[in-house]
Amino acid sequence: MKKTYQALVAVCLMAAGATAFAAQQETAKHPHHEGQKMMVPGGHGQFMPPMMMPPVYQSSMQTSDPAEALKKLTGDVPALEKGKRYDVRIEVRELPPLPSVPAPAAKEKPAEQPAG
């Protein structure tokens, strides 16, 4: 029984190795895989995406009147160069209601003792 188990494990390992070898050979045949590298942060020699430019102007505001907030925020935008391209985003999200704050318990004054 022990020899049968060892033979079964050996066959499974050889089959797994053959499958991995065949998959490696198959991916090497396709030219669309050439030149592609994984995007791993900090990986040596790996492809890294281009760095994003820092924002020229950035602001956020929490309000109950989004239209008024938008007017105020657009009024604060600095003058920018004409002819350049800019990425402008506007996003309005509903915030969850504020959690109710329990009222602080009233502190009772200790009873005054008569002077005696």
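**A walk through the salt bridges, surface and pocket**

Let's start with a pair of side chains: Glu91 and Arg93 meet in a salt bridge, with 2.5 Å from N to O. Both residues are exposed. Keep in mind that this is a predicted model. Searching the whole structure turns up five salt bridges, so let's look at a couple of others.

Glu68 pairs with Lys71, and their closest N and O atoms are 3.8 Å apart. These two sit in helix 2, three residues apart, which is about one turn of the helix. Glu68 is partly exposed, at 45% relative accessible area, while Lys71 reaches 58% and counts as exposed. Then there's Lys72, bridged to Asp76 with the closest N and O atoms 3.6 Å apart. Here Lys72 is partly exposed at 48%, and Asp76 is partly exposed at 40%.

Now zoom out. The protein has two helices and zero strands, and of its 116 residues, 2% count as buried.

Some of the surface is a nonpolar patch of about 840 Å², made by residues including Val56, Tyr57, Leu70, Val88 and Ile90. Take Val88: this residue lies in the segment after helix 2 (66–75), and its relative accessible area of 69% makes it exposed.

Of its 31 lining residues, the closest to the centre are Gln58, Ser59, Arg89, Ile90 and Glu91. Sorted by class, the lining has 19 nonpolar, six polar and six charged residues.

Methods
Residues numbered from 1 in each chain as written. Predicted model: local features only at pLDDT ≥ 70, side-chain atom pairs only at ≥ 80, totals over all residues. Heavy atoms only, no water. 1 Å grid on protein atoms, 1.4 Å probe; cavity = no way out; pocket = protein on both sides within 12 Å on 5 of 7 lines; lining within 4 Å. Nonpolar A, V, L, I, M, F, W, Y, C, P; charged D, E, K, R; others polar. Helix = DSSP H or I, 4+ residues; strand = E, 2+ residues; numbered from the N terminus. Buried < 20%, exposed > 50% of the residue type's maximum accessible area, 1.4 Å probe, protein only. Patch = residues over 30% accessible without salt bridge, like charges linked within 9 Å, V, L, I, M, F, W, Y side chains within 5 Å. Areas by Shrake-Rupley, 256 points an atom, 1.4 Å probe, with all protein chains shown as cover. Salt bridge = Lys/Arg side-chain N within 4 Å of Asp/Glu carboxyl O.
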